[in-house]
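Good morning, and thank you for coming.

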Amino acid sequence: MRVMVIVKATKESEAGEMPSEELLAAMGSFNEDLVKAGIMLAGEGLHPTSKAKRVRFTGSKRTVIDGPFAETKELIAGFWLWQVKSKEEAIEWLKRAPFDEDEVEIRQVFEMSDFGPAFTPELREAEKRMSAQIAKNTKR
């Protein structure tokens, strides 16, 4: 099962404050453990919303909204994509993360099989082709 581990923004991350050398080293060590265990598929930090844009969809109308955005507790500062056997395994790994006063969310990623019969063989084949192209693109 794949899960996305979502690191919530803080006032500091939204202010553009960079992590300390100690936190970067601890996070690097944690990430290295995840990679060695075959858990980590991806992981990135995100710039603050002051550098972000949102696009609001209302029928056929598209409205671009400039950041920063309010409600820090609803914003994302970074993420991992992990391959785990269960949510419990993800929780056990996450408990080892070098966070102090943060909130981190674990969400399961949909797999093709989750969509049932509405995801026809033709749609499955198209998805496989796109996945193969994405894998090819990321090797550049």
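This is a predicted model: local features need pLDDT of at least 70, side-chain atom pairs count only at pLDDT 80 or more; totals for chains, interfaces and linings use all residues.

The largest pocket has a volume of about 970 Å³. Its lining comprises 30 residues, and those closest to the centre are Ser13, Glu17, Pro19, Leu23 and Ala77. A pocket here is an open set of points on a 1 Å grid over the protein atoms alone, where a 1.4 Å probe fits, with protein on both sides within 12 Å along at least five of seven lines; lining residues have an atom within 4 Å of a point. Grid points are joined across faces, edges and corners, and the volume is the space filled by probe spheres set on them.

Residues are numbered from 1 along each chain as its sequence is written, and side-chain values use heavy atoms, with hydrogens and water left out.

Let me turn to the aromatic rings. The whole structure holds six aromatic pairs. In one of them, Trp80 and Phe99 have ring centres 6.2 Å apart and planes at 65°, so the pair is edge-to-face. Rings of Phe, Tyr and Trp (its six-membered ring) pair if their centres lie within 6.5 Å; planes under 30 degrees apart count as stacked, over 60 as edge-to-face and the rest as tilted. Trp80 is buried, at 4% relative accessible area, whereas Phe99 is partly exposed, at 24%. Buried means under 20%, exposed over 50%, and partly exposed in between, with a 1.4 Å probe and protein chains only. Together with Phe30 and Trp82, these two residues form one aromatic cluster.

Which residues carry the charge pairs? Seven salt bridges are found in the whole structure, each a side-chain nitrogen of Lys or Arg within 4 Å of a carboxyl oxygen of Asp or Glu. One of them joins Lys8 to Glu105, with the closest N and O atoms 3.2 Å apart. Lys8 belongs to strand β1 and Glu105 to strand β6, so this bridge ties together parts that are 97 residues apart in sequence. Strands are DSSP runs (E, at least two residues), numbered from the N terminus. Lys8 is buried, at 16%, and Glu105 is partly exposed, at 25%.

Methods:
Helices (H or I, at least four residues) and strands (E, at least two) are DSSP runs, numbered from the N terminus.
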